[in-house]
Amino acid sequence: MDVLLGLQWGDEGKGKIVDVLAPQYEVVARFQGGPNAGHTLEFDGIKHVLHQIPSGIFRSQILNIIGNGVVIDPIILKKEIDALGKFSIDFKSNLVISKKATLIVPTHKLLDAAYELSKGDKKIGSTLKGIGPTYQDKIGRAALRIGDILSPDFKEKYAILLEKHKLTLSFYKHPLDNLEEMERQFFEAVEFIKTLPLIDSEYTVNEALAANKRILAEGAQGSLLDIDFGSYPFVTSSTTMAAGACTGLGVSPSKIGEVFGIFKAYCTRVGSGPFPTELSDATGEAMRKEGNEFGSTTGRPRRCGWLDLPALKYSIMINGVTQLFMMKADVLNIFEEIKVCTAYELPSGEQIEKLPFEINELDAKPVYKTMKGWHCSLEGVNSYEEFPLPLKEYVSYLEQVLQVPITLVSVGPDRTQTILR
Ligand code: GDP
Ligand code: IMO
Ligand code: MG
């Protein structure tokens, strides 16, 4: 099983690359996260955003698994499937869902909003999809799981969770407006989900491995949003790193082959939290415009900045990345000069290249290396050999510093705008 995951703060282009690589696999599986994810694919002039459905869904021979580590919102899943109606996908044979995946109920979304409001200007910037409260219930051993929807006492189980949530919501004085309508949609969607194959996906995954089938595990979010290693508390509530693929699918670490680490040629972040190389100036604005950096799930403008090498090295280390994929190189076409952060400088003048526990309080300023930009279009470039020299130099410099080969460079959102080395 190979794992593909984001090395920054999400939105690196995972959806595009899973779709590109999918023909080399028999199974594509999501292992964590939920509808907070927005994975964009573009092909044949169509642009499509997936939230919970794995990005192998457009390749008919592939089995797509939503694994046990995922949190599922049935309302959003039904909408996603409806939106795919025009592609004549056979969901009953191409998509299976783990019975052990956790269910997002309407009050999880209200709780997400209540917690965020109570934090004031210290809010996480959550996507408000109920992710944190749902994982909280999972770890607290109170959650409902997909398999529970098949149980005759599902409604009673739901009622117990609802009462618990209502108590918390009343503590936060959070209104229950619209709850009835949300519940109506929820139960309608639950009925629909019952018609899909709900399985013990850990058997499916391990049987596929035993039969020498190739599996690609598709990460959501990014390593710098990981619950343990991200910029806590400004993180998501799941294990976004390679190890999460083992717990989120029921696979032994010994079965992991390649770890594909995907990163943008610069950085973006949506939501709150530290971002040392953030550019709150015209350069950042130009990056956002050129890269169309607006959230795929919430539409929020993404914060933009130069590539952060200490952060990238950290992500490579905790994931054991074996190959790097560099995305959105074309967005840097507009710049005469390109900067990369090589270290952080502390107020004392000391330079560090690590991300210690205290990083948020250290007031670390990025130290930049300036490189010549290629400053030309990459339109029509089909191979690495055709890259302008400064882009080749950018790639080799990064390989030398990161000590991992960059085997793929993406030069546009379409499937075809992908250069393999
Ligand atoms: P994901 O969450 O990692 O799947 O990434 P998103 O889909 O949220 O965001 C990536 C965005 O960049 C999407 O709009 C993609 O269509 C787009 N994209 C992906 N690769 C490239 C690329 O190489 N160049 C450009 N310009 N856009 C890209
Ligand atoms: P993909 O898979 C970018 C961010 C949110 C917020 C923090 C916590 O498309 O890369 P949550 O809703 O998870 O409680 O929000 O994490 N976030 C993402 N940022 N891409 C994502 O997913 C994200 N999923 C969550 O903006 O800062
Ligand atoms: Mg995204």
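Hi everyone, let me start with what packs over one helix: the cover on the buried residues of α7 includes α2 (74-83), β7 (95-98), β8 (102-103), α4 (106-119), α6 (154-171) and β9 (198-199). Contact here means heavy atoms within 4.5 Å. Helices (H or I, at least four residues) and strands (E, at least two) are DSSP runs, numbered from the N terminus.

A quick word on the source. This is a predicted model, where local features need pLDDT of at least 70, side-chain atom pairs count only at pLDDT 80 or more, and totals for chains, interfaces and linings use all residues. Residues are numbered from 1 along each chain as its sequence is written, chains are lettered from A and ligands numbered from 1 in the order in which they are written, and side-chain values use heavy atoms, leaving out hydrogens and water.

Back to α7. Which of its residues are buried? They are Leu179, Met182, Glu183, Phe186, Phe187, Ala189, Val190 and Ile193. Down the axis of α7, these buried residues fall within an arc of 165 degrees, so they line one face of the helix. That arc is taken over the directions from the helix axis to the C-beta atoms. As background, an α-helix has 3.6 residues a turn, so residues three or four places apart point the same way. By buried I mean under 20% relative accessible area, with exposed over 50% and partly exposed in between (1.4 Å probe, protein chains only).

The length of α7 checks out too: its 15 residues, 179-193, should span 21 Å at 1.5 Å a residue, and the end C-alpha atoms are 20 Å apart, which agrees. The expected span is 1.5 Å times one less than the number of residues.

Next, the metal. Asp11 (OD) and Gly38 (O) coordinate the magnesium ion, ligand 3, at 2.0 to 2.2 Å. Asp11 lies in the loop between β1 (2-6) and α1 (14-21), and Gly38 in the loop between β2 (27-30) and β3 (39-43), so the pair ties together parts that are 27 residues apart in sequence. Gly38 counts as buried, at 9% relative accessibility. For the cut-offs, donors are N, O and S atoms within 2.8 Å of the metal (3.2 Å for Na, K and Ca), and since water is not among the atoms, sites may look incomplete.

Now the charged pairs. How many salt bridges does the structure hold? There are 22, each being a side-chain nitrogen of Lys or Arg within 4 Å of a carboxyl oxygen of Asp or Glu. One of them joins Arg303 and Glu278, at 2.9 Å from N to O. That pair links distant parts of the chain, with Arg303 in strand β13 (residues 303-305) and Glu278 in the loop between β12 (267-269) and α10 (282-291), 25 residues apart. Arg303 is buried at 18%, whereas Glu278 is partly exposed at 29%.

Another salt bridge pairs Asp363 with Lys365, also at 2.9 Å, N to O. Here Asp363 is partly exposed at 46%, and Lys365 is partly exposed at 47%. Elsewhere, salt bridges that share partners join Asp11, Lys264, Glu293, Arg302 and Lys328 into one network.

Finally, the whole chain. Its secondary structure comes to 12 helices and 20 strands, and buried residues make up 58% of the 421 residues. Thanks, everyone!
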